Amino acid sequence: MGIHFGVDYYPEHWQRDRWETDAELMKEMGLTVVRMAEFSWHKLEPQEGKYDFAWLDDAIDLLGRYGIRTIVGTPTAAPPAWMANRYPEILPVDREGRIRGFGGRHHDCQSNAVYRGFVRKIVTAMAVHYKDNPNVIGWQPDNELGNSHHDLCMCESCRKNFQGWLEKKYGTVDRLNEAWGNAFWSQEYNEFSEVFTPRITVTGENPSAMLDWKCFCSDLIVDFMKEQTDIIRKHCPNHFITHNYMGFADKVDYYDLGKELDFVSHDQYPGGFFADESHGRGDILASTLDVVRSYKNKNFWIMEQQSGITGWEVMGRAPAPGQLSLWSLQSVAHGADAVVYFRWRVCAMGTEQYWHGILPHSGNPGRRYYELKEMIRKAAPLMEKMEGSMPAPEVGIVYSFRQNYALQIQPQNPKMSYTEQIQEYYRAFYDRQIPVDFVPDDGDFGKYKLLVAPLQYLMNSELEERYFRYVKNGGHLVLTMRTGVKDETNICMTDRELPGRLSELTGSEVLDYDCLRDASVLAVFQNESHTARNWCDIITVKEGAEVLAVYASEFYAGEPCVTKNEYGQGCCYYIGTEPDEAFMAALVRYMTDAAGIAALGNADEGVELAAREKADRRWIFALNHTDRERTYSVDSSYRLVYGEEAGKLNGYEVQILERKI
């Protein structure tokens, strides 16, 4: 596509006589694309049914004259005041039955028929209007779908839609009652029209009902976006469609959402959201990028890359010189083919007055502008060469929205988190400079020498069979505590000991367990003492299975903690606890060595190595996440193509090396 750097631009926030200055500065900086209009519904439809696209036309045309193309955002995340006043039923209702009012964003019920009608009308009008505009290349429906809708919406419209969703899924109310275990606490329904949304109760919740509610909310968002993408594809078949994801955010299943998109995009804010620290850990940032790549298993865009201090009512830390370039190129290292910065200029009004952009309030270029301009000058030609190249990891981590939903509903230990556990495994590979893919539980397991599947809490026969087949064919599988606990409707398994049928694969059974509350347990692995946290499965091994680690305290001292079982041509590890950082590192070192997986190289602490490759070339990125000088080493066949002195990194420096393969 040849587009690698851009910016989110809000011309409606500034006087028209400033627009051309902005276009000149963007061109000088090397930006070739903007995203516009995603929050401008009132500007585009100031009165019901009366559209005004003239201001946006003028901005698109002006930027086009400077070689800058436009991604149009549909404005459905910000319904205007006239709509909320005239049709108050579009406003969302929370768990406590309170109407969430106008004055922020995402103040909408995505199931409401009136609101959906207005959405169809404005998206159709925009698509028809811009279908032949040569400066418009793509679309972003809405903005960060799922954002701000944590417990929304529970209005009567959503209740009726939930009832219809359940009837379609279960067919009869008797099947629903059985799937939800409604015999407990007299929760049976006589018909689907009796089903409630899960508003706040006197005490307790039905875990099965809550799981279906979360899945319904996800499907509703997918349907909400699909209605827009269908309209855009009908009228603009030559334009791409993308949407800005938020990493591990979980209101909507991003795998499902991605089916409607040409490629996914992501909003990457390494400085966090008003965080005390100057930036997040390198492994957390990297895992976020890798999971986004997994949602369509292809290259992605960054639609909002941090370009200054973050903040609404309070602010975070200022990025140090070099960090903006580092963060940009980290996104590229993990598969981003384009980086679009948020935002062009700090807004002088509204909620985001302190969410800083490339330009300050004054509009005068400063150090952020010039740092990124120089990085773009050097990096854009390389990105042109590596466009379409991808990381090619030999390790996969299974990531599932449904597992996450179920463990949010019943974490069992308050400190046990599905995504945090996923990221702890990721961190151990990251620290060893071993690249990782995330993979859905219906994805291609066979691509990976080592497959890590933490907390496989919900289980069904199809997924069991996929794990058996993977190991039988030579794969190395890692299963962990709380595997096979429940069926797919979130009801506990009762036909076998844990982990159910998978005990044939693990060579072990879990006959008891201990939920560690404000406690830890000692464990011994390879004659070294380690710490087990949050949970301990008390494991009984079957004949032929190997005990790799044992507990060394509590009443189960001496019992197995980690096991390994050969099966077919492969093997299955079972890790019955949450290992601390050192324990996790030791286990990952053992398992990667056994699977024959090599690191990209060696590096000092704080340095990340990442790789992209395509048919005949491979690139390694060395990224220094510290403000100190650091060193690294890779195979001598690589030559430096970006940076100063190969192997030696200044603070926040990035180097790129290339070789033929």
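Predicted model: local features only at pLDDT ≥ 70, side-chain atom pairs only at ≥ 80, totals over all residues.
Reader: How do I read a nonpolar core, and how many residues has the largest here?

Author: A nonpolar core is a set of buried Ala, Val, Leu, Ile, Met, Phe, Trp, Tyr and Cys residues joined through side-chain atoms within 4.5 Å. Buried means under 20% relative accessible area, exposed over 50%, and partly exposed in between (1.4 Å probe, protein chains only). Here the largest core has 187 residues. Trp139, Trp180, Trp344, Tyr399, Tyr467 and Leu477 have the most contacts inside it.

Reader: Which helix gives the most to this core?

Author: Helix H8, residues 207-235, with 14 residues. Helices (H or I, at least four residues) and strands (E, at least two) are DSSP runs, numbered from the N terminus.

Reader: Take Trp180. Which residues is it in contact with, leaving aside neighbours within four places in sequence?

Author: Contact means heavy atoms within 4.5 Å. On that basis Trp180 touches Phe162, Leu166, Tyr170, Tyr189, Val195, Asn206, Ser208, Ala209, Asp212 and Ile491.

Reader: What makes helix H13 count as largely enclosed?

Author: Seven of the nine residues of H13 (residues 401-409) are buried, so the rest of the structure largely encloses this helix. The buried ones are Phe401, Gln403, Asn404, Tyr405, Ala406, Leu407 and Ile409. Their cover includes H8, H9, helix H14 (418-431) and helix H15 (461-472).

Reader: Now aromatic pairs. How many are there, and how are they classed?

Author: Rings of Phe, Tyr and Trp (its six-membered ring) pair if their centres lie within 6.5 Å. Planes under 30 degrees apart count as stacked, over 60 as edge-to-face, and the rest as tilted. The structure holds 45 such pairs. In one of them, the ring centres of Tyr255 and Tyr295 are 5.1 Å apart and the planes are at 80 degrees, so this pair is edge-to-face. It links distant parts of the chain, 40 residues apart. Tyr255 is in helix H9 (residues 254-258), and Tyr295 is in the loop between helix H10 (282-294) and strand E8 (300-306). Tyr255 and Tyr295 are both buried.

Reader: What does a tilted pair look like here?

Author: Phe263 and Trp301 are tilted: 5.3 Å centre to centre, with 35 degrees between the planes. This pair also links distant parts of the chain, 38 residues apart. Phe263 is in the loop between H9 and strand E7 (265-268), and Trp301 is in strand E8. Phe263 is buried at 9% relative accessible area; Trp301 is buried at 5%.

Reader: Which residues form an aromatic cluster with Tyr255?

Author: The cluster comprises Tyr245, Phe248, Tyr254, Tyr255, Tyr295, Tyr399, Phe401, Tyr418, Tyr426, Tyr430 and Phe438.

Reader: Where does an Arg lie over the face of a ring?

Author: A charge sits over a ring if NZ of Lys or CZ of Arg is within 6 Å of the ring centre and within 35 degrees of the ring normal. Arg159 lies over Phe196, at 4.4 Å from the ring centre. Arg345 lies over Trp14, at 3.6 Å.

Reader: How many disulfides are there?

Author: A disulfide is a covalent bond between the sulfur atoms of two cysteines. The test is a pair of cysteine sulfur atoms within 2.5 Å. The structure holds zero. Cys236 is buried at 2% relative accessible area, and Cys347 is buried at 4%.

Key: Residues numbered from 1 in each chain as written. Heavy atoms only, no water.
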